Amino acid sequence: MDIVLDLVDRYAGFDLAYSAFAPNATSNTFLLKAAQFNGVETGAGSLLTRDNILRQGFSLFMITWIFGLITYFLFASLSYIFIFDHRTFEHPKYIKGQIRMEINTTLNSLPFMAICTMPFFLAEVRGYTKLYGDISEYGWPYFILQFPLFLLFTDSLIYLIHRALHSKLLYKRLHKPHHKWIMPTPYASHAFHPLDGFSQSLPYHIFPFIFPLQKHAYIALFSFINIWTVMIHDGEYLANDPIVNGAACHSLHHLKFSCNYGQFTTLFDRLGGSYVPPNPELFDKALNRATWEKQATEVDALREIVEPEALAEERLAKSESSSTEADKAKLTAKLRKRPATENVQAELIERPSVFQQ
């Protein structure tokens with residue numbers, strides 16, 4: 001991130017902003033602008049110099065937040081316009097006004113995710129990781145190897161974290177907001193509880209503390225991660241690949257709750273016994289209303305186990321009867337009239353699914 005930090009200091013006006021906020025007594029605004037125009041480091045124009053830890057921390061927070069906003073809106077919007085299957089709006093489990101809710105959730109979460117992420121970027125900038133600049137330091141073979149190594153390492157940890165987020169302890173507290181979007185759009189890609197989104201990003205930041213990673217490669221991978229997150233929520237089931245965890249696999253995760261936890265591949269789901277291959281009908285452009293209704297019935301059967309209260313609220317909202325607290329309590333009690341399960345994940349994954357027929 002030191003490369004990005006230098007660029008925004010020099011060309012995005014951060015040097016000038018810090019010089020205006022905490023000016024050095026000897027600084028001169030005209031000379032500062034002239035020096036910046038000629039590419040000269042101007043951090044000395046402020047009492048908060050470029051190597052000041054407070055300045056670096058705040059700058060990295062702003063970069064993470066703004067970069068997150070730009071990539072989210074840019075790639076989610078491009079996906080929505082050119083890739084997203086707009087027939088999703090007709091699905092029974094698509095929520096009215098869902099895109100607006102997805103965007104609001106993201107806007108509320110991104111600043112807090114940026115705060116949590118900033119210390120890792122700060123550690124990178126201050127030299128506590130194995131990030132390196134010169135490719136010759138580790139050679140071209142390792143430069144090429146670091147890409148699949150990064151993807152496999154992060155995929156394995158995200159699998160474990162994501163599966164843990166589906167545990168009885170964490171699901172309702174952290175991960176449930178993301179599963180509100182049963183039929184997600186590209187704008188659901190970053191619509192998480194802040195601690196949920198941050199926890200699933202941890203492997204990306206842990207990697208350079210353990211393995212050497214070239215700085216430009218890290219920036220490229222970090223950008224790819226954000227684009228990939230949008231792609232697996234775009235609802236366009238292009239890849240029916242047994243290895244790649246594409247949009248079809250991840251959409252099945254939103255529909256079935258307890259399968260396909262991986263981020264990039266199906267490898268760790270296969271090893272963990274949680275892989276469910278997408279049904280061929282997901283790739284059928286002529287998918288009919290009857291099939292969607294069948295999917296919706298299956299999802300509600302699973303939600304009776306995972307989130308009966310939310311299902312009760314949804315049904316009450318759709319009913320014509322008065323949504324009183326008494327009605328809500330009665331319907332919730334009805335949904336809960338089933339044997340308690342200590343292992344929600346085990347019960348869910350053993351249930352027969354229309355998506356596997």
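Me: Is Gln146 buried or exposed, and how do you know?
Reply: Gln146 has a relative accessible area of 0%. Buried means under 20%, so Gln146 is called buried. Gln146 belongs to helix H6, which spans residues 139–165. Setting aside neighbours within four places in sequence, its contacts are Tyr132, Phe207, Pro212, Leu213, Gln214 and Ala217.

Me: What makes the pair of Phe61 and Trp65 tilted?
Reply: The ring centres of Phe61 and Trp65 are 5.6 Å apart, and their planes stand at 40°. A pair needs centres within 6.5 Å, and stacked needs planes under 30 degrees apart while edge-to-face needs over 60. The structure holds 28 aromatic pairs.

Me: Where do Phe61 and Trp65 lie?
Reply: Both are in helix H4 (residues 53–82), 4 residues apart, which is about one turn of the helix. An α-helix has 3.6 residues a turn, so residues three or four places apart point the same way.

Me: Why does Phe61 count as buried?
Reply: Phe61 has 15% relative accessibility, under the 20% cut-off, so Phe61 is buried. Trp65 has 29%, which falls between 20% and 50%, so Trp65 is partly exposed.

Me: Why is the aromatic pair of Phe224 and Phe264 called stacked?
Reply: There are 25° between the planes of Phe224 and Phe264, and their centres are 6.0 Å apart. The angle is under 30 degrees and the distance is within 6.5 Å, so the pair is stacked.

Me: What makes this a pair that links distant parts of the chain?
Reply: Phe224 is in helix H9 (residues 215–231), whereas Phe264 is in the loop between helix H10 (247–256) and helix H11 (267–272), 40 residues apart. Phe224, at 30% relative accessibility, is partly exposed, and Phe264, at 7%, is buried.

Me: How do you know that the charged end of Arg270 sits over the ring of Tyr275?
Reply: The charged end of Arg270 is 4.1 Å from the centre of the Tyr275 ring, and the distance limit is 6 Å.

Me: In helix H2 (residues 14–21), which residues are buried?
Reply: Phe14, Asp15, Tyr18 and Ser19 are buried in H2. They cover an arc of only 135° around the axis, and therefore lie on the same side of H2. Ala20 and Phe21 are exposed on the other side of H2.

Me: What is the mean pLDDT of the protein chain?
Reply: The mean is 81, and 71% of the residues reach 70 or more. Over residues 339–357 the pLDDT is below 50, though this stretch has 47 contacts in the model beyond near neighbours in sequence. Where pLDDT is low, the predicted coordinates should not be read in detail.

How values were computed
Residues numbered from 1 in each chain as written. Predicted model: local features only at pLDDT ≥ 70, side-chain atom pairs only at ≥ 80, totals over all residues. Heavy atoms only, no water. Helix = DSSP H or I, 4+ residues; strand = E, 2+ residues; numbered from the N terminus. Buried < 20%, exposed > 50% of the residue type's maximum accessible area, 1.4 Å probe, protein only. Lys NZ or Arg CZ within 6 Å of the ring centre and 35° of its normal. pLDDT = per-residue confidence, 0-100. Contact = heavy atoms within 4.5 Å. Arc of directions from axis to C-beta.
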